Protein chains: 2
Amino acid sequence: MSQGNSAVTVQVQARAASAGVEGTASDDHERTACTVLQVLERVSGKWAIGILLECAQATRRFTELERSVKGISRRMLTLTLRNLERDGLLVRTVYPTVPPKVEYTATPMAVELYESLASLAMWAERHRSAIADARSEYDRKATAPTA
Amino acid sequence: MSQGNSAVTVQVQARAASAGVEGTASDDHERTACTVLQVLERVSGKWAIGILLECAQATRRFTELERSVKGISRRMLTLTLRNLERDGLLVRTVYPTVPPKVEYTATPMAVELYESLASLAMWAERHRSAIADARSEYDRKATAPTA
DNA sequence: CCGTATCCGACCGGATACTG
DNA sequence: CAGTATCCGGTCGGATACGG
């Protein structure tokens, strides 16, 4: 999700976040949709979850994350870290030593989030093959329609 | 998440998916991360959840969705619908009448997914204000650093 | 009614180079 | 060690127009 998250604006989703706004949602499920979307947008992006996972286990240093979240670039690590910090999911601690030392720790809120994520993971686990089958089937029919 | 969903592949993810492979993952959380990411990518995009929500309630017609999922364009409705169908989350039924009539129904799998999503929604609900506060605080400090 | 095709802007994320 | 700055491609998604 997500590339459009700053320009989005379309409807409920994105905007509600800033202060405490939420008024617009009419139906019940729309509020749910909105809320879920907000969470999803928060943990979206290729790296947020990987980082959250590492930090949820224990406090991590910048370079430690750079190594353990394999494939991530310096840039994206910094960006994702900043966003997670901004949302109060990570705490950043700077030790003004030389060389510098910065630690990131998951907040209790983030740990809770991870637990919720586990529910999603279980769903995926249960339906992994069903989804794979559905895809193959769909692609097969789409690729060779007339046969 | 997601714009990078085809190129993703970076690390753990890809290998585990295909059949039942999982051996390589060293730690436990890495496998979880991978799975969660896959789910997230599936329901990512601005519209998937909104559509899923509608269809989970009852079978919907194309135009009904176009109205209820407010803000969505025809193009994105079609695209998202196709993807959800491809993953076996929606069933598309065409009635070759005139005028045409097409119905979309959530599969049991999709309903289950929605239930898992509810867990996320609850998390967001619980921490909504905390996150809002964190953001305000962060932005305040970022905006007026020296003051 | 239910789409598909094309154009096009916005943003995410990678590579690389530079700094305190 | 821990970032920041810039360039740049790829993709998502909106607007619009056309077809069965």
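**Entry 1**

I began with Asp87(A), which forms a salt bridge with Arg135(B), the closest N and O atoms being 2.5 Å apart. My note on the term: a salt bridge is a side-chain nitrogen of Lys or Arg within 4 Å of a carboxyl oxygen of Asp or Glu. This is a predicted model, where local features need pLDDT of at least 70 and side-chain atom pairs count only at pLDDT 80 or more, while totals for chains, interfaces and linings use all residues. Residues are numbered from 1 along each chain as written, chains are lettered from A and ligands numbered from 1 in the order written, and side-chain values use heavy atoms, without hydrogens and water.

**Entry 1: Asp87(A) again**

Which residue of chain A meets Asp87(A) in a salt bridge? I found Arg42(A), at 3.0 Å from N to O. The two sit 45 residues apart, Arg42(A) in helix α1 and Asp87(A) in the loop between α4 and β2 (90-95) of chain A. Helices (H or I, at least four residues) and strands (E, at least two) are DSSP runs, numbered from the N terminus. I also looked up the counts: 18 salt bridges over all chains, and six between chain A and chain B.

**Entry 2: the whole interface**

Next I looked at the contact (heavy atoms within 4.5 Å). Chain A brings 64 residues to it and chain B brings 61. About 5,900 Å² is buried between the two chains, and carbon and sulfur atoms give 60% of that. Buried area is the accessible area (1.4 Å probe) that two parts lose on being put together, summed over both.

How many residue pairs are in polar contact between chain A and chain B? I noted 14, with both residues at pLDDT 80 or more. A polar contact is a pair of N or O atoms within 3.5 Å; within protein, one must be able to donate a hydrogen and the other to accept it, and residues adjacent in sequence count only if both atoms are side-chain atoms. On the side of chain A that touches chain B, α5(A) gives the most, with 21 residues.

Last, I checked α4(A) and helix α6 (residues 108-143) of chain B, whose axes come within 8 Å and cross at roughly 120°. Axes are lines fitted to C-alpha atoms, for helices over the stretch in contact, and angles run from 0 to 180 degrees between N-to-C directions. That makes α4(A) oblique to α6(B); under 35 degrees counts as roughly parallel, over 145 as roughly antiparallel, 65 to 115 as roughly perpendicular and the rest as oblique. Arg82(A), Glu85(A) and Arg86(A) of α4(A) meet Ala134(B), Arg135(B), Tyr138(B) and Asp139(B) of α6(B).
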